[in-house]
Amino acid sequence: MNVSQIFDLSLWGNPLQRWLIAAGIVVTITLVARLLRGAGVTRLREVTRRTATSLDDVLVQVVEGTSMICVAIAATYLGSLVLALDQPARERVAQLVSVALVVQLGLYAQRAVTASVARWAGDEPQRETSAKAIDFSARLVVWAVMVVLVLSNLGVEVTALVAGLGVGGVAAALAVQNVLGDVISSFSIYLDRPFDLGDFIVVGDYAGNVVAIHWRTTRLRSVSGEEIIIANSDLAKSRVRNYRRMEERRIAFDLGIEYNLPVDKVRAVVGLIRESVEQATNTRFDRCHFKRYGDSALLFETVYWITSPDYATYMDSQHQVLLGIYERFEDHDIPFAFPSHTIHLRQDGELQVGAAPISGPRSRAER
């Protein structure tokens with residue numbers, strides 16, 4: 001058998017020569033498209049480096065989303081034009097190409113959405129949470145439309161299918177309403193943004209840094225290291241304290257000094273405390289007052305601000321303030337009050353015991 005006889009061999013009603021021509025068309029178009037995609041992306045990147053706008057960056061990412069599988073399917077359709085195929089076969093090839101085109105459009109749309117959302121979010125961590133929700137929702141809508149278009153091209157009655165899915169969706173929603181409540185709450189968290197990833201929050205008795213926001217749960221990393229998982233519906237109904245958005249930290253504490261001190265020393269207490277606060281780092285003095293007469297102490301209330309929301313900074317400054325007060329009181333011979341009992345002896349021999357509880361320096365900080 002010579003070469004011409006081999007080319008004349010028939011396969012599914014077409015000689016081998018036509019099959020080779022069709023295969024050559026498919027391979028050539030696919031390779032050319034691949035080369036054009038690579039060259040086009042390289043050229044676009046060079047152009048985008050010289051422009052100030054970021055819209056062309058989105059275009060580059062869209063072009064990179066060209067699927068070579070979809071290109072090969074389109075090339076297969078063009079190659080099939082040289083073959084003698086019956087009508088059903090041509091219809092199946094046309095349907096396959098239609099599906100490939102819809103999928104490719106979906107890939108382009110997904111890339112455009114993701115790149116646009118990333119461009120909108122930028123480097124701002126405050127937008128990161130919302131960006132994820134918008135990206136996911138937009139891609140979900142894109143592929144829902146693509147699936148409907150694919151089914152329509154395949155001859156499926158889309159209207160009846162959508163109606164059936166609607167009825168089934170209502171039944172499924174009733175069955176999983178708790179899960180749907182968490183999902184809907186996650187949208188509320190994404191859009192309202194009571195907190196973002198990395199924020200330190202307190203929810204009831206639980207506190208930690210936000211490490212993940214999922215569709216059903218939000219996960220915190222506590223200060224002791226364990227992971228805390230909270231349902232989004234619980235978070236949506238809870239009072240959340242977000243410490244990352246705190247600009248300054250207010251500190252208020254009381255201390256007591258002993259009775260029977262000279263009035264000059266009592267009067268000097270406010271100045272000594274103020275001096276201690278002002279000489280500490282990251283502090284802003286607010287006020288200090290002689291608050292009241294305690295059971296066995298003269299009580300002073302002090303309020304000042306830490307100019308940083310960081311907890312470690314707060315502790316460093318508080319340490320400096322309290323140590324400074326202690327040193328100045330010691331230098332001026334002003335003793336702190338402490339819990340004590342006073343015993344009075346009467347001439348008739350009876351004992352009278354008076355309790356005079358008072359704590360030493362104590363502080364409270366809104367953490």
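Me: What makes the crossing of α2 and α4 left-handed or right-handed?
Reply: α2 passes α4 in a right-handed crossing. A crossing is left-handed if the near helix is turned anticlockwise from the far one by less than a right angle, and right-handed if clockwise. The helices, α2 (residues 16-49) and α4 (residues 68-80), pack at an angle of about 145°, with axes 8 Å apart. Axes are lines fitted to C-alpha atoms, for helices over the stretch in contact, and angles run from 0 to 180 degrees between N-to-C directions. Helices (H or I, at least four residues) and strands (E, at least two) are DSSP runs, numbered from the N terminus.

The model is predicted: local features need pLDDT of at least 70 and side-chain atom pairs count only at pLDDT 80 or more, while totals for chains, interfaces and linings use all residues. Residues are numbered from 1 along each chain as its sequence is written, and side-chain values use heavy atoms, with hydrogens and water left out.

Me: How do you know that Asp-196 and Arg-193 form a salt bridge?
Reply: A salt bridge is a side-chain nitrogen of Lys or Arg within 4 Å of a carboxyl oxygen of Asp or Glu. The closest N and O atoms of Asp-196 and Arg-193 are 3.2 Å apart, so the pair qualifies. The whole structure holds 13 salt bridges.

Me: Is Asp-196 buried or exposed?
Reply: Buried means under 20% relative accessible area, exposed over 50%, and partly exposed in between (1.4 Å probe, protein chains only). Asp-196 has 4%, and is therefore buried. Arg-193, at 22%, is partly exposed.

Me: Why is Arg-267 called exposed?
Reply: Its relative accessible area is 58%, so Arg-267 is exposed. Asp-264, with 57%, also counts as exposed. Arg-267 forms a salt bridge with Asp-264, the closest N and O atoms being 3.4 Å apart. Both residues lie in helix α10, three residues apart, about one turn of the helix.

Me: What makes the salt bridge of Glu-275 and Arg-328 a tie between separate parts?
Reply: The side chains of Glu-275 and Arg-328 meet at 3.4 Å, N to O. Glu-275 lies in helix α10 and Arg-328 in helix α11, so the pair ties together parts that are 53 residues apart in sequence. Glu-275 is partly exposed at 35%, whereas Arg-328, at 13%, is buried.
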